[in-house]
Amino acid sequence: MSAELDPATLMKKQVGAAAAAMVKSGSIVGLGTGSTAAFMIQALGDRLKSGDLTDIQGVTTSFQGEVLARECGIPLTTLDMIDGIDIAIDGADEVDPDLNLIKGGGAAHTQEKLVEAFSKKFIVIVDSGKLVNKLNLNFLLPVEVIPKALNPVTKAIERLNGKVTLRMGVKKSGPVVTDQGNLILDVKFANGIDNAVELEKTLNNIPGVLENGLFVNMVDLVLVGEVIDGQPAVREIRR
Ligand code: 5RP
């Protein structure tokens, strides 16, 4: 095992590299956001530099991803310029047994869902701690809200029995502001989420909600990083 990386980071690096190895030359690639996706972006950059991979174009899902992809020498395109994406790769905050997800820990779920829904194949990369039996028992569900709608949306979610917390910035006074200039409400349902399909629609139907972090029936493959007998391993879970 690598001496300098803790097990969770090592698992993230393993799955990032494993997913990057699945990208074929000539592809348009959706590039996710977060610490696990960052390892994948770096691994794609390494493959490009070595000549093992050629002629790809990336579509980023956040400012963070855009800066990193440029640093790694990945040519970028935008949704306006293309007819579709061949493969999208991203992390997640929770993955349930139906391969439904909670995303948005990095407040990037709106652009992530846009890119991943536009992709022929969506691969999720997680360490084993992200696998759960039921969504939202531990991780709060992020909901992106336009600033003027903060009060009405909060009240509407409370009527659905969700406990709502406005996400606050770190090393910044006031709330987190998304790449779109909006706010994030983190929502907890007392018994977790029973019907992710219905809740995703219900939340997105509240006026003022831009997008919520439930990703349902979107995932083709999950790569799970594990440490078995001290050795890193990657397990595949297919839909
Ligand atoms: C960002 C996301 C991330 O993919 C998710 O938070 C996982 O991040 P990490 O790989 O750092 O644990 O949804 O909005």
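Strand E7 (residues 141-145) and strand E9 (residues 183-189) run antiparallel and are joined by five bridges. Helices (H or I, at least four residues) and strands (E, at least two) are DSSP runs, numbered from the N terminus. Two strands pair if DSSP finds at least two bridges between them. Val-143 stands opposite Leu-185 in E9. Glu-144 has Ile-184 as its bridge partner in E9. E7 also runs antiparallel to E10, through three bridges. There, the bridge partner of Glu-144 is Glu-211 in E10.

These strands belong to an open sheet of four, ordered E8-E9-E7-E10, with antiparallel pairing. Strand E8 (162-166) and strand E10 (209-212) each have a single partner strand, so one side of each is left without a neighbour in the sheet. Neighbouring strands are turned by 30 degrees against each other on average, direction ignored. Helix H4 (residues 109-117) lies across E7, E9 and E10, at about 70 degrees to E10. Axes are lines fitted to C-alpha atoms, for helices over the stretch in contact, and angles run from 0 to 180 degrees between N-to-C directions. Contact means heavy atoms within 4.5 Å.

## Model and conventions

The model is predicted: local features need pLDDT of at least 70, side-chain atom pairs count only at pLDDT 80 or more, and totals for chains, interfaces and linings use all residues. Residues are numbered from 1 along each chain as its sequence is written, and side-chain values use heavy atoms, with hydrogens and water left out.

## Burial of E7

Five of the five residues of E7 are buried, so this strand is largely enclosed by the rest of the structure. Buried means under 20% relative accessible area, exposed over 50%, partly exposed in between (1.4 Å probe, protein chains only). In a regular strand the side chains alternate between the two faces of the sheet. Leu-141, Val-143 and Val-145 point one way from E7. Pro-142 and Glu-144 point the other way.

## The six-stranded sheet

A second topic is the open sheet of six strands, ordered E2-E1-E3-E6-E12-E13, with mixed pairing. Strand E2 (57-60) and strand E13 (231-238) are the edge strands, each pairing on one side only. Strand E1 (residues 28-31) runs parallel to E2, with four bridges between them. Leu-31 stands opposite Thr-60 in E2. H2 lies across E1, strand E3 (85-90) and strand E6 (119-127), and runs at about 150 degrees to E1.

## Helix H1 against helix H2

Two packed helices are described by the angle between their axes and the distance between the axes. For helix H1 (residues 7-20) and helix H2 (residues 35-50), the angle is about 45 degrees and the axes are 7 Å apart. H1 and H2 are therefore oblique to each other. Angles under 35 degrees count as roughly parallel, over 145 as roughly antiparallel, 65 to 115 as roughly perpendicular and the rest as oblique.

The contact includes Val-15, Gly-16 and Ala-19 in H1, and Phe-39, Met-40 and Leu-44 in H2. Its residues divide into eight nonpolar, four polar and three charged. Here Ala, Val, Leu, Ile, Met, Phe, Trp, Tyr, Cys and Pro count as nonpolar, Asp, Glu, Lys and Arg as charged, and the others, Gly among them, as polar.

## Positive phi

Leu-99 is not a glycine, yet its phi is positive, about 65 degrees. Leu-99 lies in the loop between strand E4 (94-95) and strand E5 (101-102). Leu-99 counts as buried, at 4% relative accessibility.

Asn-136 also has a positive phi, near 75 degrees. Asn-136 is in the loop between E6 and E7. At 0% relative accessibility, Asn-136 counts as buried.
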